[in-house]
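Here are a few friendly notes to read beside the model. They take up a helix pair and then some aromatic rings.

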Amino acid sequence: MAAIYRRRYATNFIALTLSGIATLIGLTFLAWILWITLSRGFSAIGVPLFTKITAYADQGGLANAIVGSLLMDLLAILICAPVGVLAGTYLAEYARKTRLGSMIRFLNDILLSAPSIVLGLFVYVIVVLPMTSLSGGSVSFSALAGSIALALIGLPVIVRTTDEMLQLVPGTLREAALSLGIPQWKLTVQVLMRASGSGIATGVLLALARLAGETAPLLFTAFGNNYMAYGPLDKMASLPVAIYQYTNDPNPAMHAIAWAGALLITLFVLALSLLTRLFFARKKVNHD
């Protein structure tokens with residue numbers, strides 16, 4: 001027994017040590033990335049960054065890119081969130097153990113791991129080129145096409161999260177509601193969706209955080225714009241595309257603005273995560 005105990009203790013010690021080392025390495029690289037982004041991007045943070053547009057080169061800012069990113073990300077979430085939540089609900093409640101449900105999950109996993117540039121090319125073919133043919137002029141890049149491409153990226157994240165969150169709801173809760181004569185649709189909407197609401201909302205916010213940093217699909221859809229644009233059918237600037245363009249410029253001042261844009265995206269994702277945790281933590285305390 002003593003030999004077995006010593007072997008288990010040694011195995012446990014080795015596993016915990018390796019896990020701790022792996023965690024430390026991951027946190028070290030994360031801190032390194034955050035420090036480099038903060039140290040290089042903070043110098044360019046100022047009023048001109050939020051008030052001037054990218055048309056003025058090194059004397060400009062990122063106002064149009066910030067507005068464009070917010071508009072396209074919000075429109076993308078408005079497109080993919082309802083579809084993703086409904087699809088995830090169908091998989092969890094109506095097709096949990098069916099062959100169709102398994103096939104949809106498999107295809108959703110493929111879409112989840114698909115390169116974003118492939119989705120951008122897909123939207124270019126089905127949206128941008130037909131709009132170009134209808135207009136009869138130049139290539140019709142637009143914010144709408146960019147939002148559709150981003151929606152395709154966020155959709156599988158929301159579907160997967162909604163499916164898993166609803167499956168985590170105890171079966172006894174379903175049985176109790178059905179035993180009271182509650183219809184299936186009302187059980188899903190008023191009981192299950194409320195029980196897993198925080199997890200579903202977290203999935204939507206995770207999708208939004210992922211969309212904030214996508215560059216490749218926007219190059220084929222929204223393309224970019226050095227001036228302020230608000231219309232869904234106009235070319236529109238975005239932070240990731242502006243960062244990509246500025247990093248290819250030999251001017252060091254442009255590199256500083258690019259680092260500032262990267263810092264803004266990082267702070268946005270961080271603030272979104274913190275606010276989400278704070279909101280649901282306070283909601284849980286009030287509920288208790």
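1. Helix axes here are lines fitted to C-alpha atoms over the stretch in contact, and angles run from 0 to 180 degrees between N-to-C directions. Helices are DSSP runs (H or I, at least four residues), numbered from the N terminus. This is a predicted model, where local features need pLDDT of at least 70, side-chain atom pairs count only at pLDDT 80 or more, and totals for chains, interfaces and linings use all residues. Residues are numbered from 1 along each chain as its sequence is written, and side-chain values use heavy atoms, with hydrogens and water left out.

2. Look at helix α4 (residues 99-113) and helix α6 (residues 143-167): they pack at about 135°, with axes 8 Å apart. That makes α4 oblique to α6 (angles under 35 degrees count as roughly parallel, over 145 as roughly antiparallel, 65 to 115 as roughly perpendicular, the rest as oblique).

3. Now the rings. Phe, Tyr and Trp rings (for Trp, the six-membered ring) pair if their centres lie within 6.5 Å; planes under 30 degrees apart count as stacked, over 60 as edge-to-face and the rest as tilted. The count comes to four aromatic pairs. Y90 and Y94 are stacked, with ring centres 6.4 Å apart and planes at 15°.

4. F141 and F223 are also a stacked pair, 4.8 Å centre to centre with 20° between the planes. F141 lies in the loop between α5 (116-135) and α6, and F223 in the loop between α10 (216-219) and α11 (239-247), so the pair ties together parts 82 residues apart in sequence. Y124, F141 and F223 form one aromatic cluster.

Terms used: Helices (H or I, at least four residues) and strands (E, at least two) are DSSP runs, numbered from the N terminus.
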